[in-house]
Amino acid sequence: MSIRIDRENGLITLHTAHTSYQMWADRLGVVHHLYYGPAVGDCDLRGLEYYSDCGFSPQPAGMDRQRDYSLDNLCQEYTGSGVGDYRIGCLRLAGPDGSRAADFRFVSAEAVPGKYALPGLPAACDNGGECETLRLKLKDVVNGLAVTLLYGVYEAADLITRAAVFVNEGEGTIRLDKAASACLDLPFGQWELIHFQGRHCMERQPERAPLGHTIQTLRSARGASSHQHNPFAILAAPHTTEEAGECLGAMLVWSGNFKIECEVNQMQSTRLVAGVSDDDFSWTLEPGGQFAAPEVLFCYSEAGLGELSARYHRFLQHNIIRSVWRDKPRPILINNWEATYMDFDAQRILDIARQARELGVEMLVLDDGWFGQRSDDTSGLGDWQVNEAKLGCTLDQLIGQVREMGLLFGLWVEPEMVCANTALYAAHPDWALTIPGRAPSTGRSQLVLDLGRPEVVEYLYGTFHRLLAGHDIAYIKWDMNRNMTDVYSRALPPERQGEAAHRYMLGLYDLLGRLTRDFPQVLFEGCAGGGGRFDAGMLYYCPQIWCSDDTDPIHRIKIQYGTSFGYPPCTMGSHVSASPNHQTGRSTLLSTRAVVAMAGTFGYELDLQKLTGDEKEMVRAQIARCKQLQPLLLEGRCERLTNAVADSCFTAWQFTAPDRSRAAVSVVVIDPQANPWPIHIRLRGLDPDALYHESLTERVYTGAALCRAGLTLPIMQGDYPAVQIMIERMESV
Ligand code: DGJ
């Protein structure tokens, strides 16, 4: 049993293999947070609480004689609003009488086997007996707003999921202006915030800074989780490293506007609040109405950031990703985008496919430009008819020839958008998010369809269902290339416009849910101008996401490094592209480009016909090597051996098989030096007593030697050279 409810004392304890979490409902019904950290067994931790009359911290009604009791200083499981806690809170609202207060008190707690589901939202699954759910109901007795806090306790995975479902059990209308998913109050400790900031072509760059007595907010108000901030934060103790120290993560299973806020209060406790952003958000609850706030995945590690990442990787891989492709090696693909952009016809595509097939590639992906009037990015989105005049044949004829070569066929789509010069927009101008009387802003010359409208979702479902049912398509690249502006739904009344961005996401999840359910064999790759929507919500539907539009391998190392803190490498779309690179102009070796792309779902995105004979041989060998490595990528543990952002000369990473029988170590020189220092790396996680063969120098070492003494590499100079070293356990003699 991973959930213990001690009704006599009001204590609730959650246990995972290595962590404990405890809360307590006091006699007023306020639910205190007592502890989240390393496992402590079944003991009452109320003695940890600290009460003091610290002045200007008010008492709840009935407690005026107890001046050391204030919501302002108590650690709580979830906050109300306007009743004496001045920190960042979970809630803002307007009750039926216009009052802004909510005072949540305990109603009930029950533990049930299995995992809760969230209406309309992606959420972690239980693959059979892995999870137990705590349902903790709180209520404001005056306005009737009830919230059920849901806790999914995954004992073996060492992970606790949280979510909140609001129900208006009162008689009047309540408007939620903020409705966070979870609050985590850490009573003690100094914490540093690690978060992942970026921009288009440089996503998820880690930043680490101490938390102070200010509010630090990670947020997206772009209608997507965004290139700029990822909905994932880590709190780490000051000296926590990859291999040691305390840290805990909060990851939203959500792809839209979000906020993760942190604050250290006057008594030195740290609060983290995570959920849908309250920017331009409101949700009206009529009596009986319900609102579900998305899930947050909390994970705590006492063994450093590497262990935290490993736990998230396993969990996303096994409990978030639903696709049948989850555990399968993905087909090695050739994508025509950086080879042709939109300038192609079927012959050009078939030439690319033929060459790719000869070299061992398994799937051709036809990217943007095959439909409507789309010769550049100013037109066509929304008119999803195949442009047969441009191709010079039908889509089936093209697919037929690709299939005859022995390749699978994949196709790019961008369903959520419309260009103003299309038949779709002419027929349904009200289907785009635009404000009456205002000329809308555009991004990449396109407008955003209002997926909050059921008829828009229905139309897109019909369109893409027909596409997938009518053609032999094995893979879909689901792109999304602008952020929202003019967020106004023509289908909602003025007072409900604050719901438009949220309803959009619910519509998108509905659409993706139906299509992925109808076509379970199709491999869906998410994309948003690269990694502008790389989050656990999208991974629920798409087992891989195009990591970035920057395919320069030296930049990609940094992007994939940052992404790996939360997300498994097998979810990161990564391709070998041309040199000089189209985004940076940098020249790199083909071998280096392949080493970097093999740290994700591997493919090529260049004109293979332009390669020399030697380079083509290298591609053959790379594909063979990639196939050997795919099981390690899917099942192995990924170690960041260096800090790809801070360490200047080289970077290294390692994949290790779960049984420690083999490992692959990749080292890339990211800044070639004159008179260089030695490149020395220590491996991780090998069996100390076993003997391993190391492929670079063909020497044999014990696991202890490789992990403690390490390896020194020969000098590497030139166009960013790289090596891949295979470490194989030797049969005992
Ligand atoms: C953005 C994607 O990230 C690219 O890979 C490519 O598919 C283009 N869109 C096509 O418009």
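Let me begin with W546, which counts as buried because its relative accessibility is 2%. Here, buried means under 20% relative accessible area, exposed means over 50%, and partly exposed lies in between, with a 1.4 Å probe and protein chains only. W546 sits in strand 28, residues 544-546. Helices (H or I, at least four residues) and strands (E, at least two) are DSSP runs, numbered from the N terminus. A polar atom of the W546 side chain lies 3.3 Å from the backbone oxygen of S548. From W546 to A180 the separation is 366 residues in sequence and 29 Å in space, C-alpha to C-alpha.

Please keep in mind that this is a predicted model, in which local features need pLDDT of at least 70 and side-chain atom pairs count only at pLDDT 80 or more, while totals for chains, interfaces and linings use all residues. Residues are numbered from 1 along each chain as its sequence is written, and side-chain values use heavy atoms, with hydrogens and water left out.

I turn now to the ligand. Which residues come nearest to the ligand? Of the 13 residues around it, they are D367, D368, K477, D479 and D549; a residue is counted as near if one of its heavy atoms lies within 4 Å. Several polar contacts can be named; such a contact is a pair of N or O atoms within 3.5 Å, and within protein one must be able to donate a hydrogen and the other to accept it, with residues adjacent in sequence counting only if both atoms are side-chain atoms. An N or O atom in the side chain of D367 is 2.7 Å from an oxygen atom of the ligand. For N481, an N or O atom of the side chain is 3.4 Å from a ligand nitrogen. G530 takes part through a polar backbone atom, 2.9 Å from a ligand oxygen. The ligand on its own has 290 Å² of accessible area, and the protein covers 98% of that. Accessible areas come from the Shrake-Rupley method with a 1.4 Å probe; for residues, only the protein chains shown count as cover.

Next, the charged pairs. Side chains of opposite charge can pair when their charged atoms come close. A salt bridge is a side-chain nitrogen of Lys or Arg within 4 Å of a carboxyl oxygen of Asp or Glu, and by this rule the count comes to 46. E169 and K137 form one, with their closest N and O atoms 2.8 Å apart. This pair links distant parts of the chain, 32 residues apart: E169 is in the loop between strand 9 (159-168) and strand 10 (174-179), and K137 is in strand 7 (residues 131-139). E169 counts as partly exposed, at 36% relative accessibility, and K137 is also partly exposed, at 22%.

E499 has a salt bridge with R496, at 3.0 Å between the closest N and O atoms, and another with R503, at 2.7 Å. Is E499 buried or exposed? E499 is buried, because its relative accessibility is 0%. R496 is buried as well, whereas R503 is partly exposed, at 26%.

Finally, the nonpolar cores. A nonpolar core is a set of buried Ala, Val, Leu, Ile, Met, Phe, Trp, Tyr and Cys residues joined through side-chain atoms within 4.5 Å. The largest has 207 residues, of which L14, F166, L176, W370, L398, F409 and Y604 touch the most other members. Apart from it lies another core of 21 residues, including F650 and L711.
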